[in-house]
Amino acid sequence: MKARRKEEGRWAWRLTGLVTVCVYIFMFAPIVATVILSFNASMFGGFPMTGFSLQWYGKLMANEPVLAAFRTSLWIALVTSAVTTAIGVVTSFALVRFEFRGKQALSTLVILPALVPETILGVGLLVLIKAVDQPRTMLLLVLGHILLAVPYVVLITQARMVGIRRVYEEAALSLGASRFSSFREITLPLLIPAVVGGALLAFTISFDNTSASLFWRPAGVETMPTQILSMLKISISPEINALGTVMILVTVGIPLLGGLILQSLTRLKRRDEPKEEAR
Amino acid sequence: MKRRWTLYDPRLAWLLVAPVLLLLIFFLVLPIAVMAAYTFFTFVTAGVETSALTTANWHEFLTDSYYAGFLLKTLRVGAITALLCGVLGYFPAYFIWATTFKHKWLLLLLLIVPFWISFTIRTFSWINILGEQGVINVALLKLGIISEPLPMLYNEGAVILGMLHFLLPYMILNVYVSLEGIDRTLISAARSMGCTSAQAFREVTLPLSLPGLAAGLLLCFVLAAGSYVTPQLLGSGRDALFGNLIYDTIMSELNWPMGATLSIVLFLVLGFFAAIYTRFMGMSQIVKGLGG
């Protein structure tokens, strides 16, 4: 009896493993197929593979609208990432360290942009600027992206901030440091992993954003995702597969690189720490 | 009278949160408020409306079964997607949590990688799998199992599949976070009291992981029901969801009052589900799931 039960448990575990493997395959198969197809020599964007070729990457490099959209998205994402991180860190600092009326309401309000569908946020802002008769501008698009990224940055930095004990800051203050320098010298360095993580996430959120950008972009401006969308309306060409592969390299490569740098940084620091103690 | 600043002065806190507060007011609260007002404006012709108040938009929405049909279909697709996510997402989350595999972080990293890949690219990449020249059709044709490509794209199934693809990581991470919070000694205790592993799972692990599962279900449902890109890329015209209806009403028909009405309806309906959820579960689980 006991043996049979054990056997059952083993089968359940195997089933769990099998489903897990299937889910991972499900998540990555389409992406792998796209990367493979980007090297296809065939004129059509699909299987079978007729040979290896880099021609679609060459075509892509000469495609001016795509390059323009890429530059636009890159700038928007960089600005969004920088501003959102600054705002987010300051907000988390206030939410974690201070007690003030309406704090609970504010911390709920801050994560709302992540929960309200982008279509609603998109329409809302458009209706507002139509009501006050303002045009759609680049500034509006960037501020919109900041709104979409802010919840994630606040959540990430907040989680880290909770773990930093305030006595460190207060010690610096009691030794005569100003508010600002105690924040810069004590809090910020301890917060760095969350700052880098938040900045990277904000970058990807902005670089990726599709639905809201469709509403908010100024007339004639294409971001990378909206450019892809309008290209897909015509047909799925091998060029799009190449474009997808380049985008994957950029958006996966940057965070991975950031993570590696961060890891080696903390490792370096750890190596330094014992020395300081010995002194 | 001037009060001296104290160490954790509320006034300083307000100063620090001012940027975020202004952003939220002007880009979230005010837009939704103005949109709510717009639902009572009168539509004249494409792109033109007057501020003469009317209930015509709400009347049209409530009486025309076209809109109700759209809403019901959207909720149905959202619910199916969320449930499939729950079922398919629980296994990997449990596996990652329970495995003794040394490189567990790799499995978690692989779950986060899709978040970094452009959503548009992840969605259109399904065309390379399901399309007439996709992996499945080409392979089946080569093997001689079928003589005509199967029409797998541009239907509701493809839309649900695409949404499943982008929502599964949310679900898995939510359940995983909640599993990680379980005190493992409870399970050992259950086992030592004579529970089989299945009983221990049913009586201890599963109930304790329900908050994460519920948060994941809500998140997947809301994101699926509010989606625009996936039905656009993987569905036919008949598979359009409420988000597409809103986009078309505003961007093509330029009927702003009706577009505002539809947006407010979606906001209220999804808000209703979120409110039910927070009534029972609170916000903390969602916060944990989003923040990773």
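Axes are lines fitted to C-alpha atoms, for helices over the stretch in contact, and angles run from 0 to 180 degrees between N-to-C directions. Helices (H or I, at least four residues) and strands (E, at least two) are DSSP runs, numbered from the N terminus. The model discussed here is predicted: local features need pLDDT of at least 70, side-chain atom pairs count only at pLDDT 80 or more, and totals for chains, interfaces and linings use all residues. Residues are numbered from 1 along each chain as its sequence is written, while chains are lettered from A and ligands numbered from 1 in the order in which they are written.

Chain A contains 11 helices and 0 strands. Its C-alpha atoms fill a box of roughly 75 × 70 × 45 Å, taken along the principal axes. The radius of gyration of chain A is 24 Å, whereas a compact globule of 279 residues would have one near 19 Å; this quantity is taken over C-alpha atoms, and the globule rule is 2.2 Å times the number of residues to the power 0.38. Chain B has 14 helices and 2 strands. Along its principal axes, the C-alpha trace of chain B spans about 85 × 70 × 35 Å.

In an unreviewed entry, it places the feature "transmembrane region" at residues 12-39, 74-96, 108-132, 138-156, 188-207 and 240-262 of chain A. UniProt positions are given in the numbering used here, feature names are shortened, and annotations may be inferred rather than shown by experiment. Residues 12-39 of chain A are 93% helix and 0% strand, with end C-alpha atoms 41 Å apart. Residues 108-132 of chain A are 88% helix and 0% strand, and their end C-alpha atoms are 28 Å apart. For chain B, UniProt places "transmembrane region" (unreviewed entry) at residues 12-41, 77-98, 105-127, 157-177, 212-234 and 254-278. The span 77-98 of chain B is 100% helix and 0% strand, and its end C-alpha atoms lie 32 Å apart. In the span 212-234 of chain B, the corresponding values are 87% helix, 0% strand and 29 Å.

The two chains meet through 77 residues of chain A and 70 residues of chain B, two residues being in contact if their C-beta atoms, placed from the backbone, lie within 7 Å. On the side of chain A that touches chain B, the elements giving two or more residues include α1 (2-37), α5 (118-131) and α11 (238-278). The most is given by α1(A), with 18 residues. By class, this side of chain A has 54 nonpolar, 16 polar and 7 charged residues. Here Ala, Val, Leu, Ile, Met, Phe, Trp, Tyr, Cys and Pro count as nonpolar, Asp, Glu, Lys and Arg as charged, and the others, Gly among them, as polar.

One helix pair joins the two chains. The axes of α5(A) and α1(B) (residues 10-38) come within 8 Å and cross at roughly 75°. These helices are therefore roughly perpendicular to each other; angles under 35 degrees count as roughly parallel, over 145 as roughly antiparallel, 65 to 115 as roughly perpendicular and the rest as oblique. Among the residues that meet are Val123(A), Leu125(A) and Leu128(A) in α5(A), and Phe27(B), Met35(B) and Tyr38(B) in α1(B). The residues of this contact divide into 12 nonpolar, 1 polar and no charged.

Within chain B, α1(B) also packs against α13(B) (residues 256-281), with axes that come within 8 Å and cross at roughly 120°. The two are therefore oblique to each other. Ile32(B), Met35(B), Ala36(B) and Tyr38(B) of α1(B) make this contact with residues of α13(B) including Trp256(B), Ala260(B) and Phe267(B).

The contact includes Phe242(B), Leu245(B) and Ile246(B) of α12(B), together with Trp256(B), Met258(B) and Leu262(B) of α13(B). Its residues divide into 8 nonpolar, 3 polar and no charged.
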